[in-house]
Structure formats: structure tokens, C-alpha cells
Amino acid sequence: MPTPKWLVVARNEYRIRMNKIREIRPYFPYLVIGLLAVYVTFIAPRIVDLFIDEFLAFFLSQVAIAMVQILLFTIFFYFILLPITNTLKEVQTSQLEIFLAAPIKPSDVLLGEFLGVMPFYAIAVTLITGFFTAVMTPLGLGMIQIAITIIIFIVTFFSALWIGTVAAALLRTKFGKTARGKDIGKALALIIALPMIAIMYAFMGGGLLETLADPGTSGIVRAILGLLPSSWGAEVIFGFASNPGNIGAVGFETLTRFGGLIAFFAAVLWLGMKAANRAYSLEPTTFTASKAKPDGFFYKTVKYVGGGGSFGSLLVSVFKDYSRRLENLSKIGYIVGLLVLINIFLGGSEDLEGTLLMPQLILPLLAAFVVGEVTLRGKETLFIYKKTPSGVGRLVKARLLHGWLVVVPIAGTITAVSTILAPQTTLISMLTNTGLMMLTLAASVAFVLGLSLLNPAFSDKSGNYVLNLMIVMQGWIGLTLVSLIVFGRAFDLGMYDTMLYVTVPLSWLLGIVFLYLGKRRLSRIE
């Protein structure tokens, strides 16, 4: 009997991923299995024992069902997004073209991919299920009830994973045909993470528990989320918690909701395979010629800012190269969206000086996204500038000016809006906050540009690129804390004085030093 084709694809997918892991650590898979067994058997139950009174009080509270529904929906949504974001970050079609060139149906390819990655996602499912099982066990649930609870989590999360796999395949088909489509895919991969961050911030500080304590609000949430399959299992679990060891008391509810969940999984599996056969296809990447248009007012202004002439044209070229990639623009949108969510759910500072703190910690990442990609186009691009007279200096100057023109106005606008929303704002306080932040971010642009040249990354998957991002974030947080805690307390300085006399000068000192070292490194690169 021939081996099913979907099973061949699943084995291939599994072996590829496992071989990559074994290349790093040969015994890592066995270590993970051992740690999961220890977690489920010992660690999760011990954690629950420490907070058993709090967990029991939670299950008896008004907000319990709605909170679990929201939690399961969040995890369900996250499992849908995982394969989509992984696909959109790098829309590669070469491996799938090999399969689809063979006599094999697209649905077999898709099912094989899904089964091949299931063992790896099973790690996360085991962690979540093991913890919830440990929480439910002290309630006195019977073995059948515990088994059904485990199956509910497995079916719910793998249903979401299958939906995400199908959606990712269809998006890969849509965006993988053109270079522009791949760029759109990479841009979407970052932006679609914002809803998950919003939900997380709502749990952390958005007053979610207080809101759900109101019976009317809690009832509305339960009614809405109750329509979703991620909530059907929550109703079954709370039925078990209310009747531990007596599955007959909630037999009808268990049959309808648990049966409905199983039927939902079977339905989405069948529909996904049908959708794959109809829409999941791959064609060779095509390239379309772009038609150049005369520079508009914006680019003419940029050229004027660059002094006109050849350097002004170079600055315009840098701007065009950056702005034509939607992935770059999505990173700006991500940082701005992140700050907006922080102000909405975690609350903006009521202190005028405090409005400087969060932008000062987050906005350096914007500088890293804007100018940190200076080397990502490869060494060949850098060599073009090296071979021209004063090419290195002109490139560094153009990149620095480009970073200032993008980052500094955004930083100023965000800081001004945050200050205006704070109580007792005056024109002087708004201008002071905005000016200090713009000076700090201008220095961070110079620092990031120098760091990126000093430790060049020629791909966004390079370890150097990730390391640079970490250095920028951790370094700027450290600089801010050192300024406030060490110098601010030692000399009894407020936020304004600390930024003016400590943070801004130190930022510019680091920026100038790293920019000089980075320029020298670029001149010597081979």
C-alpha cells in the first residue's frame, strides 16, 4: 500500500525542522521532552499549590467565565496568527514549488505542512494544558472530566493552528507571485501583531477585571464570545468545576458544546483542504517595471534640505529607497501604534515630566528601524559608495540626515501630543518636552547609525541585526536609568534638569563616538 502523499510531506517538514534543531544542540529534543514531563508532573502542580486559595476564589467569582473565555480567545487568536506571521515575514516558495511540481494535490501539501509542525506547537499546547489541568485537579474532577478538558484544549488550539495554516497558505499564494506582494506580506506581518499587544495590555492595566466585575458587562462579553468555538470549551470546563466528579449533571451541555467543538474542527479541516485545492497555487515570481514619475513637492523639499546638487539627489535617492518598501513604513506604524496602546491601556502619565519617560524608552527602537537597515542591502551596495570619491562620507551624511528627517519629527509629534493630553499643560511645558525629546532622538539616530556600521548586518535575519536592536534598547534604557537614578538623585535633579544636563549630553557623546567609529569601520570593510 503506497504511503499517503500528505504523510510524505509531513515527514519531510518534520525532519527539516528537527535537523535544524539538532545542528545546534543534538540532544535538545530529548531535553525538551524531559522538561515538559517534569513541568506537567511536578512544576505546574507546585505552582498551583502556592496559589490554590486564589485560584479557588477566582473560579467562584463573577468574572471567572468571562475571563477564561477572553483568555482562550486570546490564545486561539494567537495560534491563528503564528503561521500567518511566520509566512509573511519571509514568503519563500522554492520548497513548495518542488512539491507542487510533483503529482500531489495542494491539500496534501497543506495537510502535510500542518502535521509536520504540530509536534513543535505541541510544546506550547502542553505548557498551557498542563497548567490548566493542574489548576482543575484540586477541585476534585474525575478522570473522564480531566481527559475531556485536555482534549478541549488540544482541539481548540490545533483548530486555530489549522485555520492559521490555511490563511497563511492563501496569503503566500497571493503575495508570493510578485516582489511587491512579498513586501506587502512583510509589512502585514508586523502590523497584525498590534491586536495581540492590545489584548495583553488590556489584561495588564486596562481595568479589565474591574470592568468584568459588573454583571451586565460580564454578561455581554459572555454572550458575544460564547458564539466563538474558543468559548465552547470554557463553558464545559466551568460545568465540570461546578460539578466535580459528576459528569452526568452536565451531560447535555458537555455533549452539545464538546461535540460542537469536535464538529467545528472536522469542518474547518475539510473546508481548509477544499480551499487549498481551489486557491492554493504557486507561480514563478514575476517582476514588473516601475515607471518613474517626476519628483513632487516632498522630494523637491528633501533635495533642497540636502543643499541641492549631487548630495541633494543622493538624499532623495535614500528617501525613495526607504519609502518604497512597505515593510519599513510598517515598522514606523508599529512603534507609533505601540505608544498609542500604552497610553490607552496603561494610562498616560499625569505628571508633565513623566510624559517624557515612555517615549524616551520606546522611540530609540524607531531610530533602530529607520537607520539600522543601512547595511541590509548587502556589501555590494556599500562597495558602490566606497569606489566613488568621498562616497563613504557622503553615504553616512545622507543616512544621518535621512534618519533625522524621519525620526525627529515623529518623536516631536508624539511627545507634543502626549504632553497636551496631560493635565495642567502649558505652551512652555509642551515646547520643553518636545525639544528635549527631539534632541535625544537626534543623538540616538547618530548612535544607531554608527553602531550599524560598526557591527554590520547584511540580512535582517543576521545575528548582528538582532544584537544591534538589543544593544539599542538595553543601552538606551540603561542610559535613562543611570541618568535618573545615579545623577538625578546624586545632584537632586528633576526630570527636565536630568535630561538637559545629563541625558542629552551623554546621548550626543555616545552618538558622535559611535558614528566616528562606524564611519572608520565602513572605510575599511572588505
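## Aromatic pairs and ring contacts

Ring pairs join Y78, F79, Y121, F131, F132, F153 and F157 into a cluster. The model is predicted, so to speak of local features a pLDDT of at least 70 is needed, side-chain atom pairs count only at pLDDT 80 or more, and totals for chains, interfaces and linings use all residues. Side-chain values use heavy atoms, with hydrogens and water left out, and residues are numbered from 1 along each chain as its sequence is written.

Across the whole structure, a search finds 14 aromatic pairs (rings of Phe, Tyr and Trp, the last by its six-membered ring, with centres within 6.5 Å; planes under 30 degrees apart are stacked, over 60 edge-to-face, the rest tilted). Here are two of them:

| Pair | Centre to centre | Angle between planes | Class |
|---|---|---|---|
| F79 and Y121 | 6.4 Å | 50° | tilted |
| F447 and F514 | 4.7 Å | 65° | edge-to-face |

Helices are DSSP runs of H or I with at least four residues, numbered from the N terminus. Both F79 and Y121 are buried (under 20% relative accessible area; exposed is over 50%, partly exposed in between, with a 1.4 Å probe and protein chains only).

Because F447 lies in helix α20 (residues 427-454) and F514 in helix α22 (residues 495-524), their pair ties together parts 67 residues apart in sequence. F447 counts as buried at 6% relative accessibility, whereas F514, at 22%, counts as partly exposed.

Charges meet rings too: K320 lies over the face of Y299, 5.3 Å from the ring centre, and the charged end of K397 sits over the ring of F311, 4.6 Å from its centre. Such a charge has NZ of Lys or CZ of Arg within 6 Å of the ring centre and within 35 degrees of the ring normal.

How values were computed:
Helix = DSSP H or I, 4+ residues; strand = E, 2+ residues; numbered from the N terminus.
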